[in-house]
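User: I would like to go through this structure and ask what stands behind the labels put on it. Please set each value against its definition.

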Amino acid sequence: MFFNPASVAIVGASQTAGKVGYELLANMIAAGYKGKLFPVNNKAATIEGLKCYPDLESIGQVPDLVVIILPAHIVPSIMEQCAKTGTKSVIIISAGFKEVGEAGRKLEQRVIKIARQAGIRVIGPNCLGVIVPANHVNASFGGDLPHKGGIGYLSQSGALLAAILDTANSNGIGFSKLVSIGNKADVDELDLIKAFGEDPETTVIAGYLESIANGNDFVREAEKISNDKPILLMKSGGTGAGAQAASSHTGSLAGSETAYEAVFERAGIIRCFSIKRQFDFAQAFANQPLPASNRVAVITNAGGPGIIAADAIERHGLEFATLTDETVKKLTETLPPAANVHNPIDVLGDALADKYEFAIDVVRNDPNVDAILVLLTPQAMTESTATAEAVARASNEKGDKPFFASFLGADKVVEAIRVLRDNGIPQYDSPESAVLTIKMMVNYVKWRKRPKRVVKLFAVNRRKVEMIVEKRLRQGIREIGETESKEILEAYGFVTPKGSVATTADQAAGIAQQLGFPVVMKIWSPDILHKSDVGGVRVGLKNARDVMDAFDLMMYRIPKKMPEANILGVLVQEMCGGGKEVILGMNRDPHFGPLMMFGMGGTMVEVLKDVSFYLAPLTAEEARQMLVNTKTYKMLVGTRGEKGVDIDAVAEGLQRLSQLVTEFPQIQELDINPFIVGPAGMTPIAVDARMSVEEI
Ligand code: ADP
Ligand code: MG
């Protein structure tokens, strides 16, 4: 009903040009809307030649769609009328709701309550409206009706949508639907990506969002839809997750954007950082086939742009296609001797359209080529328009390889660019932008081919963890310290260093003797989170004397530094050597759930910030990818003859942790730092750990 209404009532239609109530009606008329239009205004008899109605009831039939443009405080009474007359789809353009504060929020709730009771779906309030070019619907005050095309667009910002429309209109970009969701009091981003996902006219979903409401549902649906249609999103503003006070390393390293990045990666969503980029990508996704792989061929009439493209291809990790001998032979036979017959193929500055056409034809049939980028600079002899037509012919003829163009210049290429656009060939103002777009397409193809997600379940001792967590929650204690955290980890298959607690120097020496030297001594207090910060960790204690001295020193110094801390004793621990220190962690995002973290561990985590995040539950593949995404990875696999560590063991640690936090939603934050990993065959050890829990 929103997208293809047979009749539309505009409540608050106005006779005064420049007012929203007039512009919206005028836009509907200008769009050539074929259905019935009912302006509702109790002061006017006609507007723009259309009969006016004093209210919805007097129309005498139920409009498929009602658009409301009246001041906010009147909107509830109009909604009552909608409920009474039986309209099921309402767009509320009016502002003055949630966005203006508490009173507005209450008003919005009232409106939505009426809608829910009557089974009415609402877009808005505080929005720009809905546009469907194919159905001649422009129920918005955003601007002229854009071209018809494959892009379904949703925007949380009305003003931005106006800019998007303008950009798209001047670049000939077409849409299936455009929706401004405003305050999204009812219809939200999830409803729309689902609707666009099912809409046969929409081939690409694009949007601008400031927040995402139902985190988990959104991820699930977006992931499903991305398998079919690419989703390109601009996203601004934080989740608020970063705003909560974090006591763990993981919590403090998870910025407000971390969750979104992880969500987008998981769901295959292509993130765009500007309108320009979004349309650079969208026009390619909407009009060209996906490349089979990443081998790009470049055809140019000038060396410079060819080199720029080549640099960009390398920078973005794409491959410069190596042409087959047959292709090279054909090119050599026909192109002038000075031409470059290897990629980038330079047809030379004096090339007419026929040379381009020949080169394009040979190259697109080369099995080593997945994507074709045609560059052109308007030199003295260049036939830019005829060349554009040649590219169009090639692209239209055989549909399995994507074409991209970057015709550089201005006045001399205007007509050529129009030809390219009319034929759905994405045109870029620089070779880099074209290459970046190819990269996005290649990434998306890779994502679509990803292996099926299989989350391994390990045999664990849940009961044990339940007992500890419940006990702590009963006592109202949120922080779980090192010893109990390690018990929890052991229940999930982690190995922790041997050791026990001592309250006197003699006892400490005794434990050390039993463990065997060297040992590590750590202060044991529920009030000290980061022990080394207060001098509470001593490693490499070689004999009983060292142990007793270390004990005395800690007991003397730490109470001075932290007079409030309740010090229970020290932990004497076996010393783990011969490995690298990494950190495994989790921070629970309020919208998207557990975010797993991997990174360089030790006491410098926050300084180095070499970490990566991903949404739990993790598959083996995803856990490994988290490692690969850090710089630490290079160090872990071994450099300069140094032996690498057991990567699979680290990935397994992440998977076990992911299972723990999935099974225990009470756990809010968690760090294992350090997790000491050695070469294959050596069991990794969770040396230090802490977590926090919350009643759920
Ligand atoms: P905290 O993080 O509270 O300061 P840790 O227990 O993580 O305390 O210890 C700090 C550092 O001391 C570790 O990053 C590690 O380098 C070293 N360390 C601690 N315990 C051991 C151990 N059992 N074996 C080897 N090194 C250890
Ligand atoms: Mg630590």
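Analyst: A crossing is called right-handed if the near helix is turned clockwise from the far one by less than a right angle, and left-handed if anticlockwise. The model here is predicted. In it, α18 passes α19 in a right-handed crossing.

User: Which residues of α18 and α19 meet?

Analyst: On the α18 side they are Ala505, Asp506, Ala508, Ala509, Ala512 and Gln513. On the α19 side they are Ala544, Val547, Met548, Phe551 and Asp552. Sorted by class, this contact has eight nonpolar, one polar and two charged residues.

User: How do you know that the length of α19 is close to the expected one?

Analyst: Helix α19 covers residues 544–561, which is 18 residues. The expected span is 1.5 Å times one less than the number of residues, and for α19 that comes to 26 Å. From first C-alpha to last, α19 reaches 26 Å.

User: Which residues of α19 are buried, and what covers them?

Analyst: The buried residues are Val547, Met548, Ala550, Phe551, Met554 and Ile558. Their cover includes helix α18 (505–515) and the strands β21 (499–502), β22 (519–524), β23 (537–541) and β24 (569–574).

User: Why are α5 and α6 called roughly parallel?

Analyst: The axes of α5 (residues 189–198) and α6 (residues 215–226) cross at roughly 15° and come within 10 Å. Roughly parallel applies to angles under 35 degrees, so α5 and α6 qualify. The crossing of this pair is left-handed. Glu189, Leu190, Ile193, Lys194 and Gly197 of α5 make the contact with Asp217, Phe218, Glu221, Ala222 and Ile225 of α6. By class that contact has five nonpolar, one polar and four charged residues.

User: Why does phenylalanine 613 count as buried?

Analyst: Its relative accessibility is 13%. Buried means under 20%, so phenylalanine 613 counts as buried. Phenylalanine 613 lies in strand β27 (residues 611–615). Leaving out residues up to four places away in sequence, phenylalanine 613 touches Thr250, Leu253, Ala254, Thr258, Ala262, Leu595, Met596, Met597 and Met626. Leucine 190 is 423 residues from phenylalanine 613 along the chain, and their C-alpha atoms are separated by 24 Å.

User: How do you know whether glutamine 668 is buried or exposed?

Analyst: Glutamine 668 has 15% relative accessibility and so counts as buried, the limit being under 20%. Glutamine 668 is found in strand β28 (residues 667–677). Apart from neighbours within four places in sequence, its contacts are Arg478, Met586, Asn587, Arg588, Ser692, Val693, Glu694 and Ile696.

User: How do you know that the span of α13 agrees with expectation?

Analyst: The 14 residues of α13 (residues 384–397) should span 20 Å at 1.5 Å a residue, and the end C-alpha atoms are 20 Å apart, so the two agree. The buried residues of α13 include Thr387, Ala390, Val391 and Ala394. Among the elements covering the buried residues of α13 are α12 (353–364) and β18 (371–376).

User: How many residues does the protein chain have, and what part counts as buried?

Analyst: The protein chain has 696 residues, and 55% of them count as buried. The chain has 23 helices and 30 strands.

Conventions. Residues are numbered from 1 along each chain as its sequence is written. Chains are lettered from A and ligands numbered from 1 in the order in which they are written. This is a predicted model: local features need pLDDT of at least 70, side-chain atom pairs count only at pLDDT 80 or more; totals for chains, interfaces and linings use all residues. Side-chain values use heavy atoms; hydrogens and water are left out. Helices (H or I, at least four residues) and strands (E, at least two) are DSSP runs, numbered from the N terminus. Buried means under 20% relative accessible area, exposed over 50%, partly exposed in between (1.4 Å probe, protein chains only). Contact means heavy atoms within 4.5 Å. Axes are lines fitted to C-alpha atoms, for helices over the stretch in contact, and angles run from 0 to 180 degrees between N-to-C directions. Angles under 35 degrees count as roughly parallel, over 145 as roughly antiparallel, 65 to 115 as roughly perpendicular and the rest as oblique. Ala, Val, Leu, Ile, Met, Phe, Trp, Tyr, Cys and Pro count as nonpolar, Asp, Glu, Lys and Arg as charged, and the others, Gly among them, as polar.
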